[in-house]
Structures are given as C-alpha cells and as structure tokens.
Amino acid sequence: MAIDKPLQDKVALVTGGSRGIGAATVRKLASQGAKVIFTYARSASEADAVAASVTKAGGIAVAIKSDVGDPADVRALFATIDRDHGGALDILVNNAAVYITGPLADYSDEEFERTFDVNVRGAFLVTREATKRLRDGGRIINIGSIAGERVFGPGVSVYAASKFAINGFTRGWARELASRQITVNTVQPGFTDTDMNSNDPTKNPAADWQRQQVPFGRFGQANEVASMVAFLAGPEAAYITGTTHTVDGGVIA
C-alpha cells in the first residue's frame, strides 16, 4: 500500500454521489486508490461528469442510478454490484439525503415520508445489504448533520429528526458489527456550500444568517467533509467506532 494511496484495492460504495458532499467523497476516495461505486437518483449528466473527472485523474468510479428510498431500487443496486463488480465491499458511505423544510402545520405526509424514506430507511436498506458484502475490517460512514445534534430554528424538525436517527444507527451498528472489526461512524457537516445549502444568498435566503453562526466566518467546503470521510475509511481509523465527527467550523463547539 502506497502512503499516498491508503485505500488501494479497496471497493467503496457512496450513495448520493453525483453532487455536493457525495461527489467530493467519490473523488477523494478514488484519489486515495479506492474503486468507487456511487449512486445517483436523477441527473445522469451530473453523475457522468463526476465519473469522468475521476477517470481523468487516474481513478476508478462507476455510477449506478438508484433511489435508495425505494426498496426495489436498492435490491437492483446490489444485484448490479454482485453481477458487475464482484459483490465484495470494503467501505460504505451513506450520504444520500433530501432536505425538505417547512412549518410543522404545513408539512405534508408526502414530505415527511420522502424525508424518512431517503434519509433513514434508505440508510437502513443500503446498510443491511452492504453488511452481507462488507469484508471484515470494513468501514461504514454515515453522513449526518449538525441538525442531528442541535436544531437551530423552525422548519427543520423533520429533517433534524431524520439525522438524529442516523446517530442512533451509528451507535447501534457499531456494537453489532464490532465482532467483525467493522467500524461505524458519523460525519456531521455544518453549513457546507453545496447545491442543497448554497453559500450564495440569492440561492439560499438563510446563507448570511448561517455564516454568522460559524466562528470561522465562512461556509465549509464539500472537500473538507470528504477529507474526514476518507480518514475514517482509512487504516489509521481502525480503532475508532460508534462516534460522531463534526466538521462545522466550530458552530456547535
């Protein structure tokens, strides 16, 4: 294993890897030597662009269309992994999520169901299948949110609840999989400049307020979150499990 390629010969699955933190994670893991399989739900062009950028940099990344909130799609995803990619995995990053906000009184059944289908059930469905394929000593990294620890204002209660659930999964799965030396951890981003939560006030009316909450005075970058994911996926993190790692510029310090 080369020092600059600590994930050489590893196989990673990243959900929601076509943009934002997911895309940065795909690129980071691939740059460290992993073969990365990643899912996308809608935009094939965005997914293809991520895969092409990895290939251009000398890495390997493969995009598979899959809505992780749909059990049939998840079954099809793993059937493809088994058929085309050998089945075995070393790293799972549960990143796919939706961010639907709104007042409690107006929040629809459909919005609630979609949030929990993707953010909670999706993580469960993918992890359940992945654990059947993860090699001993593997890694599971769940992407949470600082909203899973502190709710900053109205309109985000359902999203926050879904991220609180992710922390529960991490702690429970860490206990359950410890006998196989599989680590399970949460990476908890703060206000990060992505399509979902832009740093641009014209795209995100809360951007200026969010920036004011950060002691560093700026939004985080997706690559900064991806760097924490890559560390937890690597050999130096073999004794870290059941924990939450916050990347937020000091917001909830």
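In this predicted model, seven strands form an open sheet in the order 3-2-1-4-5-6-7, and their pairing is parallel. The edges of the sheet are taken by strand 3 (60-65) and strand 7 (244-247), each of which has a single partner strand, so that one side of each is left without a neighbour in the sheet. From one strand to the next, the twist averages 20 degrees.

Within this sheet, strand 1 and strand 2 run parallel and are joined by four bridges, and Val-11 stands opposite Lys-35 of strand 2. Strand 2 is largely enclosed by the rest of the structure, because five of its six residues are buried. Helix 2 (residues 44-56) lies across strand 2 (35-40) and strand 3, and runs at about 170 degrees to strand 2.

Strand 4 (residues 89-94) pairs with strand 5 (residues 134-143) in the parallel sense, over five bridges, and the bridge partner of Asn-94 is Asn-142 in strand 5. Helix 4 (residues 109-131) packs on the sheet, where it touches strand 1 (11-14), strand 4 and strand 5, and the direction of helix 4 makes about 175 degrees with that of strand 4.

Helix 4 also takes part in contacts with two other helices, helix 3 and helix 5. The axes of helix 3 (residues 71-85) and helix 4 come within 10 Å and cross at roughly 30 degrees; since angles under 35 degrees count as roughly parallel, helix 3 and helix 4 are therefore roughly parallel to each other. Their crossing is right-handed. On the side of helix 3 the contact is made by Pro-71, Val-74 and Phe-78, and on the side of helix 4 by Arg-121, Leu-125, Val-126, Glu-129 and Ala-130. Of the residues in the contact of helix 3 with helix 4, six are nonpolar and two are charged, while no polar residue is present.

Helix 4 and helix 5 (residues 157-177) pack at an angle of about 15 degrees, with their axes 9 Å apart, which makes helix 4 roughly parallel to helix 5. Helix 4 passes helix 5 in a right-handed crossing. The residues that helix 4 brings to this contact include Phe-112, Phe-116, Val-120, Ala-123 and Phe-124, and among those from helix 5 are Tyr-159, Ala-165, Ile-166, Phe-169, Trp-173 and Leu-177. By class, the contact of helix 4 with helix 5 comprises 13 nonpolar, five polar and one charged residues.

Technical notes: Residues are numbered from 1 along each chain as its sequence is written. This is a predicted model: local features need pLDDT of at least 70, side-chain atom pairs count only at pLDDT 80 or more; totals for chains, interfaces and linings use all residues. Side-chain values use heavy atoms; hydrogens and water are left out. Two strands pair if DSSP finds at least two bridges between them. Axes are lines fitted to C-alpha atoms, for helices over the stretch in contact, and angles run from 0 to 180 degrees between N-to-C directions. Contact means heavy atoms within 4.5 Å. Angles under 35 degrees count as roughly parallel, over 145 as roughly antiparallel, 65 to 115 as roughly perpendicular and the rest as oblique. A crossing is left-handed if the near helix is turned anticlockwise from the far one by less than a right angle, and right-handed if clockwise. Ala, Val, Leu, Ile, Met, Phe, Trp, Tyr, Cys and Pro count as nonpolar, Asp, Glu, Lys and Arg as charged, and the others, Gly among them, as polar. Buried means under 20% relative accessible area, exposed over 50%, partly exposed in between (1.4 Å probe, protein chains only).
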